[in-house]
Structures are given as structure tokens and as C-alpha cells.
Amino acid sequence: MKSFEKRSLPGWNLFEYLFLRGFSAAVNKLPIEYSTRLARAIADGLFLFLVRRKKVAFENVARAFPELPLEKRRFLARESFRNLCTSLMEFFRTPSTLAR
């Protein structure tokens, strides 16, 4: 049985593009403090629901810092998700930053 691929859906790339453009426009209307909070909330949700990615993050932190206790490695894995989402949010805010 062939696995489901998003590429098989007609117009999927257009949907992704329109969604990201709309999200970017909405983020640019928010004050920077709110967009940063939103990025952290999104990161926490992704950390909770993307189990495979969370496992990869744990494994990478464990390889990089084997001497750290488990709780500290968990903290670093979660912070890596938050940092990624904050960086993406800053990227989405580029148009409003350049307009100043």
C-alpha cells in the first residue's frame, strides 16, 4: 500500500504558501513581545506533539553533552525548540523590521 504523500494533493504548495504569507502578515501586526510569546507557545506545543522530533532532540543533546544530568538535557532539548521557533518568528517579522 502506497503511503500518503502531501505532494499528491493538487495545490498543496499554494496552500502552504498562502498559509505562511497570512501567518507572516498576522505576526507583523503583533508587538514584538507578543510574537515572542507566541513563538514560545508554538514551540512548547511542537515539543509536546512532535514525538519523533523530540526524541531526535534528546538524542542529539545526549550525544553532545553526555555528562549532563537527564533534567538538564531535557531543558536543553526544549530550549532548542523554543530557539528555532523564535528565530522563525523573527524571520517572519523581517518586513516590519525593514520598514522602520
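Reader: How far apart are the end C-alpha atoms of helix α4?
Author: Helices here are DSSP runs (H or I, at least four residues; strands are E, at least two), numbered from the N terminus. The expected span of a helix is 1.5 Å times one less than its number of residues. Helix α4 has 23 residues, 70–92, so it should span 33 Å. The distance between its end C-alpha atoms agrees with that, at 34 Å.

Reader: What pLDDT do local features need in this model?
Author: Residues are numbered from 1 along each chain as its sequence is written, and side-chain values use heavy atoms, with hydrogens and water left out. This is a predicted model: totals for chains, interfaces and linings use all residues, side-chain atom pairs count only at pLDDT 80 or more, and local features need pLDDT of at least 70.

Reader: Which helices do the buried residues of α4 pack against?
Author: Buried means under 20% relative accessible area; exposed is over 50%, and partly exposed lies in between (1.4 Å probe, protein chains only). In α4 the buried residues are Arg73, Ala77, Phe81, Arg82, Cys85, Thr86, Met89 and Phe92. Contact means heavy atoms within 4.5 Å. The packing partners of these buried residues are α1 (12–29), α2 (32–49), α3 (51–64) and α5 (94–99).

Reader: Which residues does Phe47 touch?
Author: Phe47 is part of the largest nonpolar core. Residues up to four places away in sequence are not counted. That leaves Lys54, Phe58, Arg74, Ala77, Arg78 and Phe81.

Reader: Which residues make the nonpolar surface patch of about 260 Å²?
Author: Patches use residues with over 30% relative accessible area and no salt bridge; like charges are joined within 9 Å, nonpolar side chains (Val, Leu, Ile, Met, Phe, Trp, Tyr) within 5 Å. Areas come from the Shrake-Rupley method with a 1.4 Å probe, and for residues only the protein chains shown count as cover. Leu38 sits in helix α2 and counts as partly exposed because its relative accessibility is 30%. The patch is made by Leu38, Ile42, Leu46 and Leu50.

Reader: How far apart are the closest N and O atoms of Arg82 and Asp44?
Author: A salt bridge is a side-chain nitrogen of Lys or Arg within 4 Å of a carboxyl oxygen of Asp or Glu, and the structure holds 4. Arg82 forms one with Asp44. The pair links distant parts of the chain, Arg82 in α4 and Asp44 in α2, 38 residues apart. The closest N and O atoms are separated by 2.9 Å.

Reader: Which residues form one network of salt bridges?
Author: Glu79 and Arg82 meet in a salt bridge at 2.8 Å, N to O. They are 3 residues apart in α4, so about one helical turn separates them. Glu79 is partly exposed, at 23%. Shared partners join Asp44, Arg78, Glu79 and Arg82.

Reader: What is the closest N to O distance between Arg74 and Glu71?
Author: Both residues lie in α4, 3 residues apart, about one turn of the helix. Arg74 is partly exposed at 38%, and Glu71 counts as exposed at 56%. Their salt bridge has its closest N and O atoms apart by 3.7 Å.

Reader: How far apart in space are Asn83 and Arg40?
Author: Asn83 lies in helix α4. Its relative accessibility is 51%, so it counts as exposed. Asn83 and Arg40 are 43 residues apart in sequence, and their C-alpha separation is 8.2 Å.

Reader: What distance separates the C-alpha atoms of Arg63 and Glu33?
Author: Arg63 belongs to helix α3. Arg63 is exposed, at 64% relative accessible area. Along the chain, Arg63 and Glu33 are 30 residues apart; their C-alpha atoms are separated by 34 Å.

Key:
A nonpolar core is a set of buried Ala, Val, Leu, Ile, Met, Phe, Trp, Tyr and Cys residues joined through side-chain atoms within 4.5 Å.
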